[in-house]
Amino acid sequence: MPNFSISDILDNPSNKQKLYGYCGRIARINLTTGEVSCLDTYQYVPKYVGGRTLIHRIFWDEVPAGTGAFDEGNKFIYMNGPTTGTGIPAGGRSAACAIGPSVLPEQFTFGNIGGWFATELKYAGYDGFIIEGKSDTPVYIKIEDDKIDILPADDLWGMRVHQTQAALEEKYGHDFKSMVIGPAGENLVRIASITTSNDCAFAKGGFGAVWGSKKLKAVTVRGTGMVAPADIEKVKTLRMTMNNPSMRPSPILHLDKLGVPGGEFDVQYDRGNVACSPGCNQRCNALLFNGVSAFEDQPVNHIEKCVSASTFSYKTDIPAPVGMFWPTKQNYCAPCKLLGRDFPAPDFTDPDFEAQGKVILPDVYDLWKPDYERGTIVNDLCNEYGIDKWEIDVWLQTWLGMGKKEGLFDGMDLGTGREVDVEDTQFIRTFIDNLVYRKGYYGNLFAEGMARAIREMGYDKYSDTIYHGRHSQMLNGQRLDIPVSLEGGWGQSVHWQGRGYEGSVEKPTWLAACLIRMLSTRDANTVEHFHSEFEYHAEAMADPYHSPNLIRAIINVQNNAEIKDSVMSCEWQSPDPWWPTMEAEMYAAATGYPMTAEELHEAACRSKLLMRAILIRNHGRNRKMEIEQVWRTMCIPDSWGEVADWQQWNEMVDLIYEARDWDLETGWPYREAYEKVGLKDVADEMEKLGYLPKRPAQRWHDYGEPPFVKFQEYQKQEAAQG
Amino acid sequence: MAEKVYAKEPATPEELANYGNHIVQYSPDYSFCTGCESCSILCGLTHEGFTGPGNSRIRIDLGTRSMVHTVLACQQCNDHPCYDACPKKGQAMKIDEKGIVYIEEEFCIGCGLCARACKFQPSRIAMKKNKDRKQWKAVKCDLCRNRPEGPACIQYCPARCIGLSEDSTFVSGGVRPAQAE
């Protein structure tokens, strides 16, 4: 049974530490056998916190090396957090992991998501669930308190995301909350998402295709139980202090401009600001009213986030002030307040106001003209089919736009029966339809994701051909080379990496973003946005490769990402650079366990190490492999025409490896690193497998030659031709 | 373009004349509900010490596709059919000096007649299981009558999209309860 009273929680014999905040059980649902059982949460917490840290532990224990994304042995492990349902802001989010089919090569990856689902699952009495095995026929999982049923989904199979959501709501009522896949997931499209009713999505990694491979269409849940935080007064205090909510009205805005500053265009629309999940004290998502629907005659309301903006117009990239990554204390503002148009007035008394407010002017690309209706349809296609918008908005469309201008598609229709034209709504719609339903050669090809499709078509030509239409506003309009394909590592699009989409940022910022991406398996910059206090900006600018405070900031960002996905918060609320104990206070308020910031950071190191161990054991991760993933991106000129230096980049990688106590040659953690955070058992297994390095007598220093990058060869050829 | 419909109209002047002071949802042109359910969650924490769908005296009818949400709470009807239906009225269900109908939980026998007598759908009176899960108890909004700060839902609504009808100048259409009367 779910908990119905505080005594239900505290009298649970497994709950020896008398922790509030947890339900006490994790459901295990096997789609091969139909068996349902429960794991005891209290055997893992507080050591493994909840959310992503707990996910990493279970994945390490249960998913062996050699497991592929679509194998029966792949597991979708989903967890809410101890703050979920407690009223602590942003606790309504949740996390999941699996071997991700969109990652190139396939690897363990993770994501987080908003929506009402996680809180409802907690009311049903679960801290998460593990979905394992595979069904032979389409099914969905219905959870109603204790009762978990695996039911036939024949009537849902084939439905789009919101059709599925509506069908489940009609069948079971408004109180059931669902996560579903659309046709893309069913058809094993590698970029398929899992989506909630309010268009929150596990989009990175391709988890929708993992569900599709298991023939799992949806999970729907209703709970009638309760969730109890330990310290209600503290919860109330956190609600009033986390990111200083202004607690002011949020009217519907009747607007006549859309687009990034400097690239705005005229359009009449209404916008509301909405929260993604229960209990949040912010409102960072945009609700665009009465937009055109890709499928229905009547207009529909669309929830959109920052990535959606690019698809409405792409004359320039996104402008970004220095303080977005390097804020001062006086002018720090949580991103949620910026996105929700709820930011405070600037503090002009800040001595660094001008420096941190300096805007890096974005590069000009001229890829497609403003078209609100076209952009809305593209975004709606992504929402309804259940596919990752980053792949479509940022990568596919820019590739089509740049490739067309460079003549790559002359005489080709890419299976659409129309001239390749990213501004043609019908073309892009047909292309996406083909991709989702794997129609024809190109539909089937691009269903594998951009990274794999481009390699199949011919990487040198279709990835690294130079686009000649990029102009830097930081260099007075000077033309800069960029390849037609904006790939940023691990088969995912670029993001805040110094070139391409959200690319006009300073060198320390893009070096940090590339390093964070290198150590991950996905677009890390949607879950681990880089930021550091402005007081270290000058040091980083002076020598970005060797700045101790830049390395410290990167580790902080990485650890805080683990923390916010475990305690459960969100990328925009957490961390607050000037409130380093915030997440520990959140955890303590939820559970009653007197967590300190230091203990939580140790848990974050534990979580990060577990993921590192998974990547090494399951996928053979090492230094060479990860450096090669991001090097090509850094060989593309940034907005000042600069590229990375191989020697110095390797020295920067050395610094972060050493700070983590990893071997410089292999990138594998030493035994002491594991044991320091209570992972002796992991170190023992790594030793047995030959993945535990011995400390060398002398500091390793053999960087070799940089990987070959075809784009650079094209640049040399053009330079030679004058 | 379809006609723009953003939210349920919270009350007409005629309706307002029939109710005591109660929680209202403001016009979306003043403030738009974000769907965060903070009102419901803080209600549960304040009254019960925990959260959960059966533990709140206010609920949000979520527009799970439109994202237009409607806040539902007891409207403190002047003719209080819930009170009239209670077989233990005066003990389990009472009316205070301000006309607020409230429940003394220890005397509630969980018959559910009050919830059924509510003139609204869904009923503004919820039925929750008590701590040993053997008995049902009725719960309804009493405007946090013993709380000096007033209703917790209003205090912690981050969008300020709800308020008290008597204080409100921003209910839909700009209708003031005083004008309605």
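Glu665(A) sits in the loop that runs between helix H22 (646-660) and H23 of chain A; helices here are DSSP runs of H or I with at least four residues, strands are E runs of at least two, and both are numbered from the N terminus. This is a predicted model, where local features need pLDDT of at least 70 and side-chain atom pairs count only at pLDDT 80 or more, while totals for chains, interfaces and linings use all residues. Residues are numbered from 1 along each chain as its sequence is written, and chains are lettered from A and ligands numbered from 1 in the order in which they are written.

The scale calls a residue buried at 20 or more other C-beta atoms within 10 Å of its own, exposed at 12 or fewer, and partly exposed in between, with C-beta atoms placed from the backbone. Leaving out residues up to four places away in sequence, Glu665(A) touches Arg623(A) and Trp700(A); contact means C-beta atoms, placed from the backbone, within 7 Å. His701(A) is 36 residues from Glu665(A) in sequence, and their C-alpha atoms are 7.9 Å apart in space.

## Tyr674 in helix H23

Tyr674(A) belongs to helix H23 (residues 671-676) of chain A. Tyr674(A) counts as buried because 26 other C-beta atoms lie within 10 Å. Setting aside neighbours within four places in sequence, its contacts are Leu609(A), Pro669(A), Leu679(A), Lys680(A), Val682(A) and Ala683(A). Trp640(A) is another story: 34 residues from Tyr674(A) along the chain, with 41 Å between the two C-alpha atoms.

## Chain A as a whole

Chain A has 25 helices and 26 strands. Its radius of gyration is 24 Å, close to the 27 Å that the globule rule gives for 722 residues, so chain A is as compact as a globular protein of that length. That radius is taken over C-alpha atoms, and the rule is 2.2 Å times the number of residues to the power 0.38. Along the principal axes, the C-alpha trace spans about 80 × 70 × 55 Å. Of the 722 residues, 59% count as buried. Take the contacts in chain A between residues at least 6 apart in sequence, and 69% of them join residues at least 24 apart.

## A helix pair: H11 and H13

In chain A, the axes of helix H11 (residues 372-385) and helix H13 (residues 425-436) come within 10 Å and cross at roughly 10°. The axes are lines fitted to C-alpha atoms, for helices over the stretch in contact, with angles from 0 to 180 degrees between N-to-C directions. That crossing makes H11(A) roughly parallel to H13(A), since angles under 35 degrees count as roughly parallel, over 145 as roughly antiparallel, 65 to 115 as roughly perpendicular and the rest as oblique.

H11(A) brings Arg374(A), Ile377(A), Val378(A), Leu381(A) and Tyr385(A), and H13(A) brings Thr425(A), Ile428(A), Arg429(A), Ile432(A) and Val436(A). By class, that contact has 7 nonpolar, 1 polar and 2 charged residues.

## Chain B and where it meets A

Chain B has 6 helices and 8 strands, and 49% of its 181 residues are buried. The contact between the chains takes 37 residues from chain B and 48 residues from chain A. On the chain B side, helix H2 (residues 38-47) gives the most, with 4 residues.

Ser574(A) and Pro575(A) are joined by a cis peptide bond, with omega about 0°. Another cis bond links Gln121(B) to Pro122(B), with omega about -5°.

Technical notes
Two residues are in contact if their C-beta atoms, placed from the backbone, lie within 7 Å. Ala, Val, Leu, Ile, Met, Phe, Trp, Tyr, Cys and Pro count as nonpolar, Asp, Glu, Lys and Arg as charged, and the others, Gly among them, as polar.
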